[in-house]
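Thanks for coming, everyone. Let me put the sequence and the model on the screen, and then we'll walk through it together.

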Amino acid sequence: MSVRIVGPDYFDLSSLLSEEEVAVQNMTHEWVQDQFRPLIAKHYRAGTFPMELQSVMGEMGFFGSTLPEKYGTAGLNNVAYGLMMQELERGDSGLRSFASVQGALVMWPIWKYGSTEQKEKWLPILASGEKVGCFGLTEPDFGSNPGGMLTRVKQGSDSYILNGTKMWITNSPVADIAVIWAKDETGEIRGFLVERGAGGFETPEIKGKLSLRASITGEIILNNCRIPLENRLPDANGLQAPLSCLTQARYGINWGVLGAAIDCYEEAVEYAKTRTQFDKPIAAYQLTQQKLAEMLNEITKAQFMTLQLGRLKDREVMSHKQVSLSKMNNVRMAIEIARTARTVLGASGITDEYVAMRHAANLESVLTYEGTHEMHTLVVGESITGISAYR
Ligand SMILES: Cc1cc2nc3c(=O)[nH]c(=O)nc-3n(C[C@H](O)[C@H](O)[C@H](O)COP(=O)(O)OP(=O)(O)OC[C@H]3O[C@@H](n4cnc5c(N)ncnc54)[C@H](O)[C@@H]3O)c2cc1C
């Protein structure tokens, strides 16, 4: 095959990919380089997301890309989608988060658990980027343990009434629609679509983040919030429903962080070759070469594990335990590479003229959200031993 992936390809990963998969990666890479990279430093400083890209991202097919094409999606397989997430996160974790939330945490639950009417109403306008969604599961007192949630729903004669607070919700302040998880009178977790404009629905922004600054994060306050009966996701019953959405999003994260790691690695290689100290490029010193060799080693291992994860997902046999192992490995790999790349850059590495420190700071969030590193470790531990160490 003549087409090649952009980026490290030490073990000829390209030969295991289809032309379409490589083309999606190349196309996304170019878009990020041309359209997003020039904007990121300004938005990172300001703590904003370039919302003007919302519909452009829709046109590019970045939202819900693996869902059926009849809803206006790109209709990709999971490996092509993964490579797309990789390239978006090469730009910034906030960019990939925007696409992940829209596709995996808003469109996917509507497709999986929604009614025909909900799918027809929402999926096309979410795919095109005309509307933005968010996913409200985490609460101030229930993060790793979402099953303890306090948000409650009551059914009235012609509406549902929601009460509770959701915390750390990506895009809630700009969302047109929120997928909300709440317990009903029997204690069962159900899913609901809350549209912007519903009474008793507020979404204050969380300020002061030192990580994922180019991503908008907020609360969701539900104060006797009334929604029509038809806004319940009819097939979402129990904690397994929101957890299954997280498995979708984590799959994309596993590819995404590879992009952040590659961006840092490539920057470190380039810098090491051009920065001279003691009359030699710092790339000539063994300690620098060891750093670069370790980075490439970790990226290469993660590429193959993540590709196999994608192939398993395309065969519909991927398990959440495999996603946990991969998230555990890939996010730790990426954050270590970002921190090491920063050391290669010396003082320059602490500025936003370079990517390493921004990626390192972003990856602190990625290490925590969508299940913390510790929780994924314990999921894998449970799968090895048959003993749960966390509940
Ligand atoms: C930028 C950002 C965006 C986010 N976006 C969303 C979103 O869109 N929607 C959404 O619903 N949520 C979102 N989250 C929330 C995220 O999923 C939670 O932060 C995460 O699940 C962890 O919950 P917590 O922060 O409450 O930490 P806690 O659960 O309080 O954990 C604190 C520490 O204790 C450890 N810990 C907890 N329980 C155990 C245990 N049993 N054994 C060992 N260690 C344990 C954890 O690993 C962690 O190290 C986002 C978070 C961030 C930072």
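In which strand is R190 found? It is in β5, which covers residues 189–195. Keep in mind that this is a predicted model. Now, is R190 buried or exposed? R190 has 21 other C-beta atoms within 10 Å, so it is buried. Leave aside residues up to four places away in sequence, and R190 touches V153, A182, D184, R232, A236 and N237. Compare that with S15. R190 and S15 are 175 residues apart along the chain, and their C-alpha atoms are separated by 44 Å.

Let's step back to the whole chain. There are 10 helices and 10 strands. The radius of gyration is 21 Å, and the globule rule also gives 21 Å for 391 residues, so the chain is as compact as a globular protein of that length. Along its principal axes, the C-alpha trace spans about 80 × 45 × 45 Å. Of the 391 residues, 49% are buried. And the contacts? Take those between residues at least 6 apart in sequence: 73% of them join residues at least 24 apart.

Next, the domains. The assignment gives domain 1 at 13–127, domain 2 at 133–237 and domain 3 at 241–385. How far apart do the C-alpha centres of domain 1 and domain 3 lie? They are 20 Å apart. The contact takes 26 residues from domain 1 and 27 residues from domain 3. Look at the domain 1 side. Three helices each supply at least two residues there: α1 (19–46), α3 (78–91) and α4 (93–113). Which one gives the most? That is α3, with 10 residues. By class, this side of domain 1 has 13 nonpolar, 7 polar and 6 charged residues.

On to the ligand. There are 22 residues around it, and G143, S144, T372, E374 and Y390 come nearest. Which elements each supply at least two residues of the shell? They are strands β1 (133–136) and β3 (159–170), plus helices α9 (356–368) and α10 (373–385). Domain 2 and domain 3 each give the shell at least three residues. By class, the shell divides into 11 nonpolar, 9 polar and 2 charged residues.

Now some backbone details. Most residues other than glycine have a negative phi. Here are two with a positive one. N224 is not a glycine, yet its phi is about 50°. Where does N224 sit? Its place is in strand β7, residues 217–228. N224 has 10 C-beta neighbours inside 10 Å, so it counts as exposed. The other is D279, with a positive phi near 65°. D279 is in the loop between β9 (276–277) and β10 (280–281). It counts as exposed because it has 6 C-beta neighbours inside 10 Å.

Last stop, helix α8. It runs over residues 320–344. At 1.5 Å a residue, its 25 residues should span 36 Å, and its end C-alpha atoms are 36 Å apart, so the two agree. What follows α8? G346 does, and its phi is positive, near 60°.

To wrap up, come back to where we began: R190, buried, in strand β5. Questions, please.

Definitions and conventions
Residues numbered from 1 in each chain as written. Predicted model: local features only at pLDDT ≥ 70, side-chain atom pairs only at ≥ 80, totals over all residues. Helix = DSSP H or I, 4+ residues; strand = E, 2+ residues; numbered from the N terminus. Rg over C-alpha atoms; globule rule 2.2 N^0.38 Å. Buried ≥ 20, exposed ≤ 12 C-beta atoms within 10 Å, placed from the backbone. Contact = placed C-beta atoms within 7 Å. Domains from an automatic or database assignment. Nonpolar A, V, L, I, M, F, W, Y, C, P; charged D, E, K, R; others polar. Near = placed C-beta within 6 Å. Expected span 1.5 Å × (residues − 1).
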